[in-house]
Amino acid sequence: MAKLEVKDVSFSYDGKTNVIENINIKLNKGEIVSLLGASGGGKTTLFNVISGLLTPQRGSVFLDGEEITGKHGKMSYMLQKDLLMEYKTIEDNIALPLIIKGEKKSDARKRVGEHFSEFGLEGTEKCYPAELSGGMRQRAALLRTYMVSNNVALLDEPFSALDTLTKDDMHKWFLGVMDRIRLSTILITHDIDEAILLSDRIYILGGNPGSVKNEIVIDEEKPRNKDFNLTERFLNYKKEIISML
Amino acid sequence: MCLQLKRKLQSITNKSLPAIAVAVILIVWQILTGTRIIPPFLLPSPVDVVKAFVDDFPLLLSNSAVTLAEMFIGLVTGTAIGFFMAVIMDRFTSLYKAFYPLVVITQTIPTVAIAPLLVLWFGYEMLPKIILIVIIVFFPITVSLLEGFRSADPDMINLMRSMGATNLQIFRHVKFPGALPQFFSSLKIAVSYAVVGAVISEWLGGFNGLGVYMTRVRKAYAFDKMFAVIFLVSAISLLLMFIIGILQKKCMPWKEKEKKI
């Protein structure tokens, strides 16, 4: 059984014109799946439907076999903006989803504290977000997503705001940490290289209304070698994707 | 090290400039009045004002206590009402549409025009003064807080909803802390309005307070005492604004850290 399944989902903001149509997506346990497509293709709308912020006119979303269509609070997502609250310390930002679920602040802090070193955030517990670099802030945002994830994370262009060098570092770090925590992840990206490097499968979205045009399996062992993006196999995947877009 | 010293010197210069400006004004004032270029019945000298302040200090103190009590009750009540209005107008769009124009209208009515009516309706005791202060204070608080609540990042609110947060939790964790800078800015304005409002309301009737004292010394043409009380009112406003500044730093420690980066 898939960890997350999106079945025949269509959504329209005005009830007339569909933004996305007949979307079918599967996410298996521990898998990283990318949604790749042009801007305005309905990828973020699809995320809002999956996370329950929007209720689709047609179709359903299942988490571990249980229907969760239109129910929010089942998983969290992470955006391009890290959305850390400037007025909360890093540990309180990360503990927030647990506090929202009713956990005591002290217990929530203790639980999130156990993951700080795993995410390379040790020593930042009492810092405010403004004191951290862009990369560290994204790590904190990912840990917060992980804390509320039900083992499923939705990442909406999480690295697009970072400069190239920081992005490369973050990709290596991300692959390492994902290999350890085995978090089932759907990742929205416009970056073909990023999609190939990080994903097990890639869904190509396109058209108007947006729909899944193709699916590509990246059949490479994980954790991937840091030079994978310099290999011929990588270039072949890239050519295949470009031909589909 | 050299850069640090330069910054420190710059900071000292920035802080001392207003003090130098005030000192220059006082010296010019003293010269103009001391040499009788401006006669003392038109403008008392700074030295005379200080003397009047020292002589009448016990009286000023007792009157200040009354004015401060009115101001404090009015400020707290006005802030509470402003907060409540901002919360409900933010939560219910229909209430925002219905009440926002009324809130603005309350500020177009001149304070001096309302004050005698309040005295007529509620007498010469504290109540009409407090009501006037409440009317003056709640407006900046309501408008600023509402602005703060409404400027909350919609992505942040969506993120909270995706975590399963209730409206109350969104208010507590996103809207309220996000509106704190606007709240403290408006509180600084409100506190100076409150002091002035208390004095104006006392002009129109009452038994004690700095406004009553001001009316008495004006009628006696004791302009040195008049200036003494004007400076006292000013000093009280500045002191209260300073206290709110400290409170702001305590409530918003992250801002201090941001400044250091």
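## The interface between the chains

Buried area is the accessible area, taken with a 1.4 Å probe, that two parts lose on being put together, summed over both. In this predicted model, chain A and chain B bury about 2,100 Å² between them, and 66% of that area lies on carbon and sulfur atoms. The contact draws on 26 residues from chain A and 21 residues from chain B.

Polar features are also found here: eight residue pairs, both members at pLDDT 80 or more, are in polar contact across the interface of chain A and chain B, and the count of salt bridges between the two chains is two. In a salt bridge of Lys81(A) with Asp155(B), the closest N and O atoms are 3.0 Å apart. On the side of chain A that touches chain B, β6 (76-78) and α2 (90-100) each supply at least two residues, and the largest share, four residues, comes from α2(A).

## The nonpolar cores

The largest nonpolar core holds 84 residues, of which Leu4(A), Leu35(A), Leu46(A), Ile50(A), Ile186(A) and Val174(B) touch the most other members. Helix α8 of chain B, residues 167-203, gives the most to this core, with 14 residues. Because domain 1 (4-75 + 150-244) and domain 2 (83-148) of chain A both give residues to this core, it lies between them.

Beyond its neighbours within four places in sequence, Leu35(A) is in contact with several residues, among them Ile25(A), Leu46(A), Phe47(A), Ile186(A), Tyr203(A) and Leu205(A). A second, separate core of 48 residues includes Leu143(A), Ile181(A), Ala195(A) and Ile241(A).

Conventions:
Residues numbered from 1 in each chain as written. Chains lettered and ligands numbered in written order. Predicted model: local features only at pLDDT ≥ 70, side-chain atom pairs only at ≥ 80, totals over all residues. Heavy atoms only, no water. Core = buried A, V, L, I, M, F, W, Y, C linked by side-chain atoms within 4.5 Å. Buried < 20%, exposed > 50% of the residue type's maximum accessible area, 1.4 Å probe, protein only. Domains from an automatic or database assignment. Contact = heavy atoms within 4.5 Å. Salt bridge = Lys/Arg side-chain N within 4 Å of Asp/Glu carboxyl O. Polar contact = N/O pair within 3.5 Å; in protein donor to acceptor, adjacent residues only side chain to side chain.
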